[in-house]
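Hello,

Here is the structure I promised to pass on to you. Have a look at it first, and then read on for what turned up in it.

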Amino acid sequence: MTVSQELPAWKTGHQGPLLIVDQLVTRFATPDGTVSAVNGVSFEVSKGETIGIVGESGSGKSQVLMSIMGLLPHNGSSTGSVQFDGKELLGMPRDQLNKIRGTRMAMIFQDPMTALNPYLTVGQQLTEVLTYHLSTNPAMAREQAREVLEQVHIPEPGKRLGMYPHELSGGMRQRVMIAMGMLCRPDLLIADEPTTALDVTIQAEILDLLAEQQAVTGTSIILVTHDLGVVAGLCDRVMVMYGGRIVEQGPVRDIFYNPQHPYTRALLMSMPRLDDDLAGDLPTIAGQPPNLAHMPPGCAFAPRCSFVSEQCRLAVPPLREIAPGRAKACTLDRLVA
Amino acid sequence: MPLSSSAPLLSVRDLKVHFPVKSDLFAEKRVVKAVDGVSFDLYPGETLGIVGESGCGKSTLGRAVLKLIPSSAGKVVWLGKPLEDSSKTELRGLRREMQIIFQDPLAALDPRMTVGAIVAEPLDTFEPGMAETDKRARVVEAMERVGLPSHLINRYPHEFSGGQCQRIGIARALILKPKLLVCDEPVSALDVSIQAQIINLLKRLQTEENLALIFISHNLSVVRRISDRVMVLYLGKIAELAERDEIYRNPRHPYTQALLSAVPIADPDKERAKKRVALTGDLPSPINPPSGCVFRTRCPITVEKCRDTVPMLEPVTGSHTVSCHRWREAIELLME
């Protein structure tokens, strides 16, 4: 990994946060009743920062991104506040939102095959972004598209412009997605499981590429993933989600070396690693992730937690600060390793 | 662990699976070489991990070993008996000793059957005429062995989570007490916390029943957890085969080294200090594989010999084999 632990000057400059999410609640109306996917999530993203959101399926991590981007399906709605560079995004009219999305905020999806248009060539999809958002003339747009493909290390970029997505390999398609995301030099890049569908050697290349692009452009990144290894390599700060809430957040080293929420710790321990000692069974988390349609009244993790007390089942523990820049939503004072 | 004195359960020799590709009428017939000359032995109670990236032929190999898809050449010998010589009825009889579980646990279960009926189906096939009460007792026993409460016997697959569906698949595979279980990416679709439960379950069942496992996965950390020996496949050929600790501590093939160094470690300091063996390019087409060593187009230390001569599997130690012309100096060259 090429990311250093020390923040460069442009990362520590005292500017206001780029993105402020406050008490975000996202609900879906389904035939079985209302499903609360996100239950009061608040966080900030500073300029040039990389934030990791980790959690298992149903933790609400992807829906946080969809809510920020205004990409919820028709049965979904959000309340709370999402401020991007001082502007409120929730409830913003679509035409105004479209001026921000794609130019100042871009998103990379998990599956590049479904996110790219199979009817258009790579060149058409890339130049469309520029002609639509920046009214670049076609010849210049094409040249810029070729340049950006070169930046994401696609061999023979000129030739690739005329190709359709199905003619490219999975790793190459994900590079095209990143290229498309980076075309307008966005201030914020949102990546939803960008390497989950890829093979491990290709994943490593794509992660290097993201870090490299960030070093060049100073983009802030929100990376959603279930893979703790990916977070360890790329992120400055980490938020752990469970049952639609943030259960712990803090700087990446603190989260990995001194997890303070029982779920974070259990998650770290239950993951098989290349460097563990293989002694005994792999620690597991008993039970199943919660059903978002029928959430328990107290802490969502209480039914699976080995430190559970009566208090945990009564009310949801609030996310409280335990050290500067660190917070957890747990009734326990201290979790000793 | 394998005992060198015991006879292998399964011997695979130079197995090839080639799929014909649709081509023009008079054009040369083309084939995809999904598995191209793979040989290995599997001993009773042993776990062989098979790793590789998509398109390397690992799933095809798992299916070809069970004769679920026909092989083009080579031999699969089950307890001394070549399966190629077996008749269809004989093969069917042998199937009760070799079972398989799949990646997508829900897709592998019939949505219209109850869990009880799904788990009992192998009994209906292989022990027809069994009394209903006996059958129910066997199903309940199989369910409890995999950690499914027996009161769920009348439920349908959609009422279960992914992890529980995988348990149902395992119960169905184990009810006939097979000697071999092929696991094709059994935990890839599951969440981390559930994945650990299934890995531990498979390990426990294996010890209790002296079951041999072929564990196919793209996840090297999972394979390390469960395997006694590990095979690395690339484009249908064995790149390296060795005992678990040997291959993870002392990988010789540049591809194995690249794979291992690419796995992200959940430890920020280690992950950021890690040295990575970077590969160039993408997996070549298996229709038209490179000449000589199939890995040479992505290998960082390829030389002229790699283009002209196909590397043979050479022994590094007694149980560690590698197919690379430069395995002796590969570690040094790649770590520079």
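Predicted model: local features only at pLDDT ≥ 70, side-chain atom pairs only at ≥ 80, totals over all residues.

Four strands of chain B make an open, antiparallel sheet, in the order β2-β1-β4-β5. The edges are taken by β2 (30-42) and β5 (81-82) of chain B, each with a single partner strand, so one side of each has no neighbour in the sheet. Inside that order, β1 (residues 10-21) and β4 (residues 73-78) of chain B run antiparallel and are joined by five bridges. If you want a pair to look up, Val12(B) has Val76(B) in β4(B) as its bridge partner.

Chain B has another open sheet, this one of eight strands with mixed pairing, ordered β6-β7-β8-β3-β9-β10-β12-β11. Here β6 (98-101) and β11 (314-317) of chain B are the edge strands; each has a single partner, so one side of each is left without a neighbour in the sheet. On average, neighbouring strands of this sheet are turned by 20° against each other, ignoring direction. Helix α1 (residues 58-65) of chain B packs on the sheet, where α1 touches β3 (47-51), β7 (180-184), β8 (212-217) and β9 (229-234) of chain B. The direction of α1 makes about 155° with that of β8(B). Further along the order, β10 (residues 237-243) and β12 (residues 320-322) of chain B are antiparallel and joined by two bridges. Leu241(B) stands opposite Thr321(B) of β12(B).

Now for the helix pairs, beginning with chain A. The axes of α8(A) and α9(A) come within 10 Å and cross at roughly 15°. Because angles under 35 degrees count as roughly parallel, α8(A) is roughly parallel to α9(A). The crossing is right-handed. From α8(A), the contact uses Gly170(A), Gly171(A), Gln174(A), Arg175(A), Ile178(A) and Met182(A). From α9(A), the residues include Ile202(A), Ile206(A), Leu209(A) and Leu210(A). By class, this contact has six nonpolar, five polar and two charged residues.

In chain B, helices α5 (residues 162-174) and α6 (residues 192-209) pack at an angle of about 15°, their axes 10 Å apart. These two are therefore roughly parallel as well, and their crossing is right-handed. Gly162(B), Gly163(B), Gln166(B), Ile170(B) and Leu174(B) of α5(B) meet Ile194(B), Gln197(B), Ile198(B), Leu201(B) and Leu205(B) of α6(B). The residues of this contact divide into six nonpolar, four polar and no charged.

How do the two chains meet? In all, 40 residues of chain A are in contact with 33 residues of chain B. On the chain A side, α8 (170-182), α9 (200-217), α10 (228-234), α11 (252-257) and α12 (262-270) each supply at least two residues. The most comes from α10(A), with five residues. The chain A residues that touch chain B divide into 21 nonpolar, 12 polar and seven charged.

Lastly, the confidence scores. The model has an ipTM of 0.86 and a pTM of 0.89. For chain B the mean pLDDT is 91, and 99% of its residues reach 70 or more.

Enjoy exploring it!

Best wishes

How values were computed: Residues numbered from 1 in each chain as written. Chains lettered and ligands numbered in written order. Contact = placed C-beta atoms within 7 Å. Nonpolar A, V, L, I, M, F, W, Y, C, P; charged D, E, K, R; others polar. pLDDT = per-residue confidence, 0-100. Pairing = 2+ DSSP bridges. Axes fitted to C-alpha atoms, helices over the stretch in contact; angles between N-to-C directions. Parallel < 35°, antiparallel > 145°, perpendicular 65-115°, else oblique. Left-handed = near helix turned anticlockwise from the far one by under 90°.
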